[in-house]
Every structure is written in structure tokens, then in C-alpha cells.
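Here's a quick briefing for anyone about to open this one up. Have the viewer ready, and let's go through the ligand site and the chain contacts.

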Amino acid sequence: MAVEIVDACVNCFACIDVCPSSAIDEGKSHMLVNAKKCTECEGDFADPQCASICPIETAILDSSGLAINPPGSLTGIPPEKMNAAIMEIKAR
Amino acid sequence: MELSVIEEAAEGGCSSSGCGSTDDQMTHLPDNIREKVQNHPCYSEEAHHYFARMHVAVAPACNIQCHYCNRKYDCANESRPGVVSELLSPEQAVKKVKAVAANIPQMTVLGIAGPGDPLANPERTFDTFRMLSEQTPDIKLCVSTNGLALPDAVEELSKHNIDHVTITINTLDPEIGAKIYPWIYWNGRRIRGVKGAKILIEQQQKGLEMLTAKGILVKVNSVMIPGVNEDHLKEVSRVVKAKGAFLHNVMPLIAEAEHGTFYGVMGQRSPEDSELQALQDECSGDMNMMRHCRQCRADAVGLLGEDRGEEFTLDKIEEMEIDYEAAMEKRAVIHEGIIESLNEKHAQKAAAAETTLVTPDKTYRPVLMAVATSGGGLINQHFGHATEFLVYEASANGVRFIGHRKVDQYCIGNDTCGEKESALAGSIRSLKGCEAVLCSKIGFEPWGLLEEAGIQPNGEYAMEPIEEAVLGVYNEMIEAGLLDEKSDDSQMISA
Ligand code: SF4
Ligand code: SF4
């Protein structure tokens with residue numbers, strides 16, 4: 001029972017500040033969750049705090065490995081639109 | 001994020017660039033406030049030619065999302081608010097402030113603006129302020145915020161004697177807010193849409209009231225988003241003024257697909273310069289407005305419009321030995337000198353004002369002119385070196401500062417960095433609406449292209465004070481008969 005932070009993380013520190021279990025530390029290139037300490041916030045909050053403040057889609061995975069904030073869920077940009085914009089910029 | 005829009009500022013009436021100008025910003029301010037802001041580059045249009053500011057990036061976390069922000073980007077060529085290259089610890093920030101203050105004695109103001117929201121990082125932000133108020137007492141402190149955590153921070157802010165707070169307020173209406181802020185983080189939950197926007201707006205207004213009740217200066221920033229909040233911003237201006245904000249700064253939305261922001265990708269357009277100016281004019285009827293805001297990066301260093309951050313990277317300041325006591329003495333002397341020469345200038349201008357203005361016996365239309373300057377209130381920059389132009393309006397009422405135009409458009413990512421050949425075209429495009437451009441020197445090629453574009457280049461006033469030069473050119477235009485007739489097919493507020 002633990003969440004995981006992966007390399008989409010931009011090191012904004014927001015999750016560290018709100019984690020009730022002090023389960024998050026600075027890693028080499030991004031934040032890391034200490035799986036032994038993470039409680040998924042159970043007993044403290046209804047939602048995992050790190051994933052409730054994290055601004056970056058797909059940076060935090062739940063215990064089954066799925067992104068808690070999937071593409072488009074935070075920015076409101078439909079993923080197709082985002083991909084189209086990226087393709088267009090690359091083509092310039 | 002807090003959109004570190006940091007400080008920008010307003011300018012002054014007679015206290016600013018002189019009585020030859022018609023400034024609508026600081027003339028309305030009570031003397032005590034005017035005194036407070038006279039050497040603040042972000043609050044005084046005049047001061048920003050002489051004094052410098054810096055921001056330290058100690059606040060990475062944010063508690064809301066704005067549609068004009070993308071937390072992922074960090075390109076060194078980016079100069080938007082909310083973007084930084086190097087995050088600092090409070091200790092590193094203090095070191096950097098001392099290094100910059102000792103090397104750029106004109107630096108008077110230190111701001112914390114991000115790259116997230118300073119008040120969403122209370123420990124890092126307040127540790128920095130605490131150390132600075134002890135160790136660098138001659139530097140003014142300021143902070144900008146989205147307002148969500150502001151009411152809880154007012155007490156602490158007042159302890160550190162932070163006299164300038166900037167709140168970004170884009171709307172008073174939760175329905176509009178939902179189109180700008182997709183979510184906020186509040187009491188342990190991510191709250192989306194109208195509900196989240198409503199909480200944010202309430203917190204902003206409460207924070208504004210609490211600050212002004214404590215006598216802390218508050219500036220309000222608004223981002224003009226065409227089709228979303230532009231009509232509503234007049235109301236915002238009225239309300240925040242009634243609640244005691246001393247300045248309102250309307251900034252244009254910056255939105256390019258390359259930035260990866262919601263607005264950029266979804267094709268939301270930015271306002272035209274002329275639309276921005278029209279809105280600023282409408283708002284200035286009932287509010288002190290700031291037009292020289294540069295929308296600095298959250299780690300900007302130097303005079304407004306320039307960024308010397310590269311000279312003060314962590315490894316470089318690590319090697320500097322700073323004797324701050326000595327630096328403070330030197331700084332005091334330099335600051336006094338600047339203020340003195342400003343005062344002298346004002347006196348001279350007041351005396352000269354009546355004689356230099358050819359009082360037109362009939363009223364001619366106002367004319368916009370662009371100026372290339374590297375500071376000091378003078379026309380002292382080569383056209384080709386200008387990364388931005390200041391725009392002034394000359395009319396029968398004198399000369400007033402309108403705003404600045406950036407030349408270099410934002411870097412759009414690694415693939416396109418370094419594209420140079422269109423720079424000249426970019427400069428000319430950025431001067432749309434102007435009828436003349438004043439600079440110290442200009443090359444042959446741009447001269448011709450400018451003329452073709454209907455913009456008269458002028459190098460006659462090199463090293464002269466800006467306002468006098470603009471007035472001089474205006475009078476020449478009148479004498480040459482250029483402003484007779486219905487030359488109204490020119491531009492003015494059409495775009
Ligand atoms: S889920 Fe909760 S306990 Fe686990 S890392 Fe995130 S904030 Fe900490
Ligand atoms: S909040 Fe998200 S992006 Fe920020 S440090 Fe934590 S995991 Fe990384």
C-alpha cells in the first residue's frame with residue numbers, strides 16, 4: 001500500500017510539504033516515496049495528499065501502477081490536442 | 001503557482017519623469033506612499049530607469065493551477081513569470097542577494113514571486129525574509145501571491161515589515177474564475193471549477209482587506225484574457241481600489257502553443273497592444289495604473305527589462321567574498337546620488353516645461369513613439385541592441401508613458417532557439433501603432449524598412465532625456481504639417 005512518484009515529477013516540493021507521513025524525500029532526479037512510510041494517507045485524509053496537490057499529470061501512481069492524475073485531468077487540455085500541438089511544433 | 005508576476009510598477013506624475021509629462025499613476029498617491037515607492041523600480045516608472053530589482057526563486061510549490069501557466073517548463077530563454085532555472089534554498093538566496101546588492105548597487109528591491117506561490121511555501125519564503133531583514137536592512141522586500149493562502153500569512157508578513165504585496169486578481173466572478181483556474185488545493189482536497197474559483201476569490205478579497213487594514217501597500221495584477229475577463233477588469237479595478245489597493249497593473253496574457261499551457265494549446269489569443277492600452281486607459285480613469293511592468297521571470301536580476309541572472313549563478317556567487325557592511329555604505333552613497341540628480345531633473349523640467357512645449361493653438365491628434373533606452377531616462381540605445389522599446393504618447397497634454405514592447409518573442413523550445421533572421425521583422429512588428437522610433441543609432445537596413453512600415457527612425461536625440469526628445473519630435477511633426485488634416489488613417493487604437 002503505497003503510491004509511487006515517477007520521473008514526470010518536476011521537483012516542486014508541493015507533495016513533501018503536505019504529506020502527513022513524511023514519506024517523501026528528494027531523490028537524485030525527482031522526488032521518491034518511501035513505501036514503508038506511505039499510508040496512502042489513510043486515517044488522515046480522504047484523498048492521498050501528494051496526488052491532490054501535484055500539478056503534473058502522470059507523476060504519481062497508485063499502488064496498482066496507474067496514474068492518479070491521468071493526462072488531461074489537471075490542465076484540462078485534451079490529450080489529442082496536446083499531441084497535435086507537439087507534432088506541429090516539432091514539424092516547424 | 002503563483003505566477004510570479006512579481007513586481008512591476010507604476011509611475012509618477014510630477015514626481016516621475018517630470019512635469020512635462022502627464023502621468024496618471026503616482027500623482028494620485030498620498031505623499032507617504034509616494035516616498036515609499038520613489039526608488040522602487042516596479043512601482044515607479046521613473047525609478048525603473050535607475051534602480052534595479054531582483055527575485056529569488058525559493059518558492060517552488062503552488063496551491064492552484066492557472067490556465068496561463070505550465071509548471072513543466074524551464075528554458076533559460078524563457079522570460080515568463082513562473083519560470084526559473086535554478087531553485088535556491090533560503091541560505092543560498094540570502095547569499096545571492098548580498099552578491100547582487102554589492103555588485104549592482106542600484107538594486108533596491110528583493111521580491112519573492114515563485115516559481116510557485118510564495119505563500120504556499122511559507123517556511124522557505126519567511127526564512128528568507130527573516131534573514132534578509134536582519135542581514136540586508138537596506139533592501140526593500142516584497143512578495144507576490146495568488147492570494148489563496150494570503151489571509152493566513154498576513155500576520156507573519158506584517159512581522160517582517162514587508163511593505164509591498166502583489167496579489168494577482170483576474171476576476172471577482174466564480175463563473176469567470178472557473179475559466180481561468182481549473183483547480184485549487186484547499187483543506188486537503190483538490191477542488192475544481194466554480195467551487196474552487198469561489199474560494200480563491202474570497203480568499204483574495206479577504207487578504208486584500210486585511211493587508212490594507214494593516215497599512216501594508218497592496219498592488220493588484222490582472223492578466224487580460226480576451227473573451228474571458230477583459231470587460232470585467234474595469235469592475236475589478238474599481239473594487240480593488242475601493243478596498244485600498246494603491247496600484248492596478250493590467251498585463252497581457254502570454255499564450256503560445258509552445259508554452260504548453262492550456263490557453264496556449266487551446267488557441268486562446270493574447271490581446272493586441274492597442275487593446276491592452278485601451279483597457280489600461282479605461283481603468284486608469286478610476287485607478288492608478290502601471291504600464292511599465294515587464295512580467296519578469298521569478299529569478300530575474302537587474303533593471304527592469306534586463307536580466308543579469310547569469311552573472312550570479314550558484315557556483316559564481318559561491319566564489320564571491322562579500323563584505324556587506326562596506327557594500328551598504330557604498331550603496332547608500334549611490335542611492336543618494338541618484339535621488340539627488342532626479343530631484344534636480346524635476347526642478348529643471350518644471351522650469352523648462354512652459355518654454356519647451358509649443359502650445360499648439362489647435363489640438364493635434366496624439367502620436368505614439370517608441371524609444372530605445374538602456375536606462376537613465378535617456379535615449380541611449382542602438383536600435384539593433386534593443387530587446388524592448390518603451391512607448392510614449394505625445395499630445396497637447398504633454399508626454400506620457402504608455403508601456404513597453406518586447407522585441408524578442410519567447411523562445412519556443414530547443415528546436416527553434418537561435419533563429420535570428422527574423423529579428424528585425426519582429427522589432428518592426430512590435431512597433432505597430434508607433435509613428436516614430438527614437439534611438440541613439442540605427443543601421444541603414446532597418447532605417448529603410450522602418451520607413452517603409454511608416455515608422456520614422458530618429459537618431460537626432462541621442463543621449464537626451466526621453467520626454468524632452470519625444471516632445472521635440474512631436475513639435476517637429478506639428479511644424480512639418482504632418483499632423484494636419486485628417487491623417488487619421490494613421491493607426492491609433494485601431495488594431
Ligand atoms: S499518499 Fe499520503 S502518505 Fe503516501 S506519499 Fe502521498 S501524501 Fe504521503
Ligand atoms: S507535487 Fe508532483 S511534481 Fe511536485 S514534487 Fe511532488 S510529485 Fe513532483
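Predicted model: local features only at pLDDT ≥ 70, side-chain atom pairs only at ≥ 80, totals over all residues.

The interface takes up about 2,200 Å² of buried area, and ligand 1 has 13 residues around it.

**Around ligand 1**
- Coming nearest to ligand 1 are C19(A), S21(A), C38(A), C41(A) and C50(A), out of the 13 residues around it.
- By residue class, the shell around ligand 1 splits into nine nonpolar, three polar and one charged.

**How chain A meets chain B**
- On the chain A side, 29 residues are in contact with 27 residues of chain B.
- Carbon and sulfur atoms give 58% of the area buried between chain A and chain B.
- Why quote an area at all? The size of an interface is often given as the accessible area lost when the parts come together.

**Salt bridges and polar contacts**
- Two salt bridges turn up across the interface of chain A and chain B.
- D47(A) pairs with R189(B) in a salt bridge, and their closest N and O atoms sit 3.7 Å apart.

**What chain A brings to the contact**
- Three helices of chain A, α1 (14-18), α2 (49-53) and α3 (79-91), each put at least two residues into the side that touches chain B.
- Of the contributors to that side, α3(A) gives the most, with five residues.
- Sorted by class, the side of chain A that touches chain B has 17 nonpolar, seven polar and five charged residues.

Definitions and conventions:
Residues numbered from 1 in each chain as written. Chains lettered and ligands numbered in written order. Heavy atoms only, no water. Near = heavy atom within 4 Å. Nonpolar A, V, L, I, M, F, W, Y, C, P; charged D, E, K, R; others polar. Contact = heavy atoms within 4.5 Å. Buried area = accessible area lost by both parts, 1.4 Å probe. Salt bridge = Lys/Arg side-chain N within 4 Å of Asp/Glu carboxyl O. Helix = DSSP H or I, 4+ residues; strand = E, 2+ residues; numbered from the N terminus.
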